[in-house]
Amino acid sequence: MLYTLWEGGRPHRLDAETLETYGSESFDGALKRIGAFSAHPKIDPNTGDVFNFGLDFFPRPMIRCYRLDKSKRLHNVGTVPIPKLGFVHDFALTERHLVFVLGPLVVSRPIPVALGMRPFGEALSYKPELGTTIVLVPRDGGKATRIETDSLFHFHVANAYEAGPETVVDIVAHDATGGWTQWNNYLCNFRDKAGPAFGGTLTRLRINRNTEAVVRDPLNELGCEFPQVDSRFVTTAHRYTYLAEAAVRGGDPDSITTVDTTTGAQDRYTTPGNTVCEPLFAEDPENPGEGRGWLLSLEHRPSDKRSRLIVLNAERPSAGPVAIATLRHHVPMTFHGAYKAATSE
């Protein structure tokens, strides 16, 4: 079964072959109220369990954390009260925790949004004075740990893992100058100039659970978004991260890049004059080594008003596509691509 996901409500079930829509999914009533089940679930490669979360408006703002087991039973992992309703788009999963990096992107007037009277995007404000709260929710249902740090502006997470007393989280952090309003304008106008909307920096957060210190280390220099890792290494230390990236500072996303986070080496496929969307990693089932597989992305070619699906070798994308499928009709590039779905099988 294929599920399409979004921020504001329940998943919708689709036939994986025909894409016929069967309707919304509550997992036998386990998703209550608005039933939010967000857009970036994480699958533990060791257990096959799917972890996710959803935001609740009432009776007070909170994050509800879930585990979907292989028999498609949904279990409540825990709830995280939050002082102000905000935009929580992604999270990370380790062997022990669900990790939330809650930046100060908040809804100033939540009731009109909840009633559908005001678009969610127009209600958001970036309030750096509120700082960022990192929340570690134990997978076994124990008490959550909260750690306060300086404000962060981000949307997507690559991966996370435990290293002794540290929880390591890789995110794409954006320059918060101009806040949400400026960034949202870039997003709305991405067809004319997509670069600023993709202009984040792959950043490693080292969170010491004992001292509550948070150290930030940049892992790339060019503007990027949509980080991905080899799915077999989710929850554990990973070496490679895959990005949709700009080949020059401030440029449009024209590259798919493999970043070696151990050595700093990078290998990049660039398509000048065209744009790419997020890379999806497809593993080589016959080779369990990290990074042994392929990267799939959409490449938009404005010169002939066509898009094509490209397949790259994940270890050396600079070698160029190993397979190409040109789409019959023009597919305009969207900021989030055309891929977001999750399967429990």
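Predicted model: local features only at pLDDT ≥ 70, side-chain atom pairs only at ≥ 80, totals over all residues.

Student: Is Asp 230 buried or exposed?

Tutor: Asp 230 lies in the loop between β18 and β19. Buried means under 20% relative accessible area. Asp 230 has a relative accessibility of 0%, so the residue counts as buried.

Student: Which residues is Asp 230 in contact with, leaving aside its neighbours within four places in sequence?

Tutor: Contact here means heavy atoms within 4.5 Å. With the neighbours within four places in sequence left aside, the contacts of Asp 230 are Tyr 242, Phe 281, Gly 289, Glu 290, Gly 291 and Arg 292.

Student: Which strands stand at the edges of the open sheet of four strands, and why is one side of each left without a neighbour?

Tutor: The strand order in this open sheet is β18-β19-β20-β21, with antiparallel pairing. The two edge strands have a single partner strand each, so one side of each has no neighbour in the sheet. From one strand to the next, the twist averages 20°. The edge strands are β18 (224-228) and β21 (266-270).

Student: What is the bridge partner of Cys 224 in β19?

Tutor: β18 and β19 (residues 240-245) run antiparallel and are joined by three bridges. In β19, the partner of Cys 224 is Glu 245.

Student: How many disulfides does a search of the whole structure find?

Tutor: Seen from Cys 277, the closest cysteine sulfur is in Cys 224, at 13 Å, too far for a bond. For the whole structure, the number of disulfides found is zero.

Student: Which residue in the turn between β12 and β13 has a positive phi?

Tutor: β12 (residues 132-138) and β13 (residues 145-149) pair in the antiparallel sense over five bridges. Within this pairing, Leu 136 has Thr 145 of β13 as its bridge partner. The two strands form a hairpin with six residues between them. The turn residue with a positive phi, of about 90°, is Gly 141.

Conventions
Residues numbered from 1 in each chain as written. Heavy atoms only, no water. Pairing = 2+ DSSP bridges. Axes fitted to C-alpha atoms, helices over the stretch in contact; angles between N-to-C directions. Buried < 20%, exposed > 50% of the residue type's maximum accessible area, 1.4 Å probe, protein only. Disulfide = S-S within 2.5 Å.
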